[in-house]
Amino acid sequence: MNLRIPSIRHDDCDELAALCKAGGDPLRLNVLRALANDSFGVLELAQIFGIGQSGMSHHLKVLAQADLVATRREGNAIFYRRALPHTDLLGGKLHAALLEEVDNLPLPTDVQSRIGQVHGQRAAASQDFFSRVAEKFRAQQDLIAGLPQYRESVVALLDKLSFGPDATAIEVGPGDGGFLPELAHRFAQVTALDNSPAMLDLARQVCEREMLANVSLQLADALNGVSLKADCVVLNMVLHHFAAPAEALKRMADLLQPGGSLLVTELCSHNQSWAREACGDLWLGFEQDDLARWATAAGLVPGESLYVGLRNGFQIQVRHFQRPAGDTHHR
């Protein structure tokens, strides 16, 4: 009698085994937790977890082989982020469940502290850049995407949203103030927030020249301790200067009244690394899906989007995200 031996698809088993192996280490689970709303380079992760670069590289290789992390090139650096689970594929449900369980675990206090240090190092590099280049800011911005390239798109989206006569607006990081006249003509009161005195001086010159009596300029860090709220928050080419973009979107959501709108103008992902040095960019644009995912995690609802192609190869995304009208207890 011939016994039929069941065939086992070893390639499928190998994939599941790689996933289980990758998740079978406390350090790797903590790496996945740290990457929940951020991406880090291998040196940053080595600093955060207090191990050598070669050791961290090994752990990241294991996670990458199991498709738990994905890489993205930012100029000459490679950043790691969490890969999104595909629940219709083999291992996808296990992947999703693993991330869900991981996100319910708190990161060790010392790891949280070192993440804060890495964010601080990024922010200091960005602020140092703006203190050095304030005078040639517009020329630098025009190298990539100056206001003339996206002004009409943002204005079109603003006008379509039909704000009432008493509506208020906040512009975070107004740069040299070029967009403030558009806001001043559409809102009863406008507040411009910037943490660079040099950049705020440029915005002040615009307000004085254009006689914008309803614009208030504040030297403040929009990510910390700002208690203002407005019907519209505008973020033009600013997000790629923030150390932790996903967390920044949560802070932007906090500035919105229930039913309010966040308008984000940003570069789509690109690989032109000279933008880091020339324009102080921490991030080389963003994937459209990432922005939507971060906004949703911040309690916002993605709305209409416009995309502007530029002659020099960059593409701009103009995105609208809304805080639900009934959301009176925002995070």
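Select Cys-20 to begin: this residue is partly exposed, with a relative accessible area of 49%. Buried means under 20% relative accessible area, exposed over 50%, and partly exposed in between, with a 1.4 Å probe and protein chains only. The model is predicted, so local features need pLDDT of at least 70 and side-chain atom pairs count only at pLDDT 80 or more, while totals for chains, interfaces and linings use all residues. Residues are numbered from 1 along each chain as its sequence is written, and side-chain values use heavy atoms, with hydrogens and water left out.

Next, select Cys-268, which is buried at a relative accessible area of 7%. The count of disulfides (pairs of cysteine sulfur atoms within 2.5 Å) is zero.

Move to Ser-261 in strand S8, residues 256-267; strands (E, at least two residues) and helices (H or I, at least four) are DSSP runs, numbered from the N terminus. Is Ser-261 buried or exposed? Its relative accessibility of 3% makes it buried. Beyond its neighbours within four places in sequence, Ser-261 is in contact (heavy atoms within 4.5 Å) with residues including Leu-161, Phe-163, Asp-231 and His-320.

Finally, select helix H3 (residues 42-49) and helix H4 (residues 53-65), which pack at an angle of about 105 degrees with axes 9 Å apart. Axes are lines fitted to C-alpha atoms, for helices over the stretch in contact, and angles run from 0 to 180 degrees between N-to-C directions. H3 is therefore roughly perpendicular to H4, a term for angles of 65 to 115 degrees. Val-42, Leu-43, Leu-45, Ala-46 and Phe-49 in H3 meet Gln-53, Met-56, Ser-57 and Leu-60 in H4.

Key: Parallel < 35°, antiparallel > 145°, perpendicular 65-115°, else oblique.
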